[in-house]
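Visitor: I am new to this one. Please take me through the loops between the strands, with a close look at their backbone.

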Amino acid sequence: MSLRTNKYIGYLFEVAWILPSVAIPVAVLVAVILTAFAVGITVPGAAGRVDPQALASTAPFDQPGLKELAPGRYEATLIGQTFVFLPNTIEVPRGSKVTFILTSRDVIHGFKIVNTPVNIMLIPGQISRVTHTFSEPGEYLFVCHEYCGAGHHVMSGKVIVK
Ligand SMILES: [Cu+2]
């Protein structure tokens, strides 16, 4: 092989590395833009502040539970505390769009509804808000997924969709 051919093969190898090293970040950027703007997937942000000591006298946490805003539209207020969710059972009709408003009374907890994209943290002092439409009937388990102490593994509840 001549020196020229060797040089040419060298360029080919370089291009073979350069192309993916440019294409992969571009593909990731496109995926981020698509999920954020076309699919509407966003990182949950703080939906407000609340004094964790005063939940019993602060709306909406003074009356946790399910509220019907309109037909098929619900608001569920839940409090996470060691080692329960208050309330721990929510029942809605199929097709309901439910906005969950949550906070923690004591330490950091998690709120993950199995088989849905709902997955947020409950931080004392911070209100977390997440909305999900339950189009399939069934029982949706929700669990605490931030280790919160000795009873962490029993901290769960369910959304019953009829
Ligand atoms: Cu926990």
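Guide: The chain has one helix and eleven strands. The model is a predicted one. From the N terminus, the order is α-β-β-β-β-β-β-β-β-β-β-β. The chain is more spread out than a compact globule, because its radius of gyration is 24 Å, well over the 15 Å that the globule rule gives for 162 residues. Along the principal axes, the C-alpha atoms fill a box of roughly 85 × 35 × 30 Å. Buried residues make up 19% of the 162 residues. Take the contacts between residues at least 6 apart in sequence: 59% of them join residues at least 24 apart.

Now to the loops. Start between strand S1 (46-49) and strand S2 (65-70), where Pro60 sits. The peptide bond from Ala59 to Pro60 is cis. Its omega is near 0 degrees.

Move along to the loop between strand S4 (84-86) and strand S5 (89-92). Pro87 has its place there. Leu86 and Pro87 are joined by a cis peptide bond. Omega for that bond is about -10 degrees.

The next stop is the loop between strand S7 (109-113) and strand S8 (119-122), which holds Asn115. Here the angle to look at is phi. For Asn115 it is near 65 degrees. That is a positive value in a residue other than glycine. Is Asn115 buried or exposed? Asn115 counts as exposed, because it has 9 C-beta neighbours inside 10 Å, and the cut-off for exposed is 12 or fewer.

Definitions and conventions
Residues are numbered from 1 along each chain as its sequence is written. This is a predicted model: local features need pLDDT of at least 70, side-chain atom pairs count only at pLDDT 80 or more; totals for chains, interfaces and linings use all residues. Helices (H or I, at least four residues) and strands (E, at least two) are DSSP runs, numbered from the N terminus. A residue is buried if 20 or more other C-beta atoms lie within 10 Å of its own, exposed if 12 or fewer, and partly exposed in between; C-beta atoms are placed from the backbone. The radius of gyration is taken over C-alpha atoms; the globule rule is 2.2 Å times the number of residues to the power 0.38. Two residues are in contact if their C-beta atoms, placed from the backbone, lie within 7 Å.
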